[in-house]
Amino acid sequence: MKSYCRFYSLALMVLLTAAACSKSQPASDSAAAVQTASAIAPTPSPSTSASVPTPNIDGQKVLQYTKEVVAFGSRPAGSPAHEKLEQYIVSKLKGVDVEQDKFTAQTPAGRFPINNIIAKFPGKKNGIIVVAGHYDTNYPLPKSYVGANDGGSSTALLLALADQLRGKERDGYSVWLVWTDGEEAFVKWTDDDSLYGTKHLAQKWNADGTARKIKAFILVDMIGDTDLDIQRDSNSTPWLTDVVEQAATNLGYQSHFFRQTVGMDDDHIPFAKIGVPVVDLIDYTYGYNNVFHHSPEDTIDKLSAQSLAITSDVVMETIELVDQR
Ligand SMILES: [Zn+2]
């Protein structure tokens, strides 16, 4: 994915962060105000506050899934490790209605097989909530790159959600989990060289009428950072972003959400373009100045079970809130 804020130089970033990338609360506009506020106000902590529910999803389980995914090594589209990961994901979905959206993508680096994996959990209400996240890793990066957060965390979160949804009758909307493929660029990120899987799926679902049934498209990307700080995305649908904020607040996790605003180019964009309500949950501050992003440093030790549980729970709560709308 790409953030528009990344276009600024480091110096400009420092100067413009408050103006361009952060428009959260008027009282928290300056870094000083934020620091003062956090120094005097107790930070909500799910482990210490009795009023906050304990996570429903076992973060250790999500972390374990992430480790298993990362163990395949670098997983770019077309690689043997990618194929093993496809088999691994499908093997975790026994008894679930699974569809695989396979096609060949023409990229600046040649032709590559792409496969979006879709797991469908039926609900009684007429409509679909999609939760998506990419499972491919960046193609041009060296083999030492394993993408624990970028690709690994989203793959694992969806597997944990599948465990939650499996075998339960849903009163709300159907939930479809989508492991998206070909999110990453094959040479260099441009509008043409990126988002191969979701461009294909959005076109397909637009043509067959599925898109009109989608009540919400919730994207997760890079959501396992120990220092979890998910930005508000200006390219996401405002009302759905507000629902996520409500979900985070309900669970006492609001301190991890939306302190800054960025404009993200990610797998939600092809669906936004066809009129589907979308939200991108992404923490694009992975290490100082996002230094671990697309770096061999994107390894499992940078992630925490707590962060994975927080994001997973907020996604589940968001699903519940959309069900009630
Ligand atoms: Zn990436």
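Me: Where is the place of Lys215 in the chain?

Reply: Helices (H or I, at least four residues) and strands (E, at least two) are DSSP runs, numbered from the N terminus. Lys215 belongs to strand E6, which covers residues 214-221. This is a predicted model: local features need pLDDT of at least 70, and side-chain atom pairs count only at pLDDT 80 or more, whereas totals for chains, interfaces and linings use all residues. Residues are numbered from 1 along each chain as its sequence is written, and side-chain values use heavy atoms, without hydrogens and water.

Me: Does Lys215 count as buried or as partly exposed?

Reply: Buried means under 20% relative accessible area, exposed over 50%, and partly exposed in between (1.4 Å probe, protein chains only). Lys215 has 31% relative accessibility and therefore counts as partly exposed.

Me: Which residues is Lys215 in contact with, leaving aside its neighbours within four places in sequence?

Reply: Contact means heavy atoms within 4.5 Å. With those neighbours within four places in sequence left aside, Lys215 is in contact with Asn126, Gly127, Ile128, Tyr173, Trp239, Pro277 and Val322. Consider Gly127 among these: it is 88 residues from Lys215 in sequence, yet the C-alpha to C-alpha distance is 6.3 Å. For the chain as a whole, among contacts with a separation of 6 or more, 80% join residues 24 or more positions apart.

Me: How many helices and strands does the chain have, and what share of its residues is buried?

Reply: The chain has 10 helices and 10 strands. Of its 325 residues, 55% are buried.

Me: Which residues touch the most other members of the largest nonpolar core?

Reply: A nonpolar core is a set of buried Ala, Val, Leu, Ile, Met, Phe, Trp, Tyr and Cys residues joined through side-chain atoms within 4.5 Å. The largest one here has 69 residues, and those touching the most other members are Ile89, Val131, Leu177, Trp179, Phe257, Leu281 and Val314. Apart from this core lies another of 16 residues, including Ile118, Leu201, Phe217 and Leu219.

Me: Which protein atoms are the donors of the zinc ion?

Reply: Donors are N, O and S atoms within 2.8 Å of the metal (3.2 Å for Na, K and Ca); water is not among the atoms, so sites may look incomplete. Here the zinc ion has as protein donors Asp150 (OD), Glu184 (OE), Glu184 (OE) and His294 (NE2), at 1.9 to 2.7 Å. Their spacing along the chain is D-x33-E-x109-H. Asp150 is buried because its relative accessible area is 0%, whereas His294, at 24%, is partly exposed.
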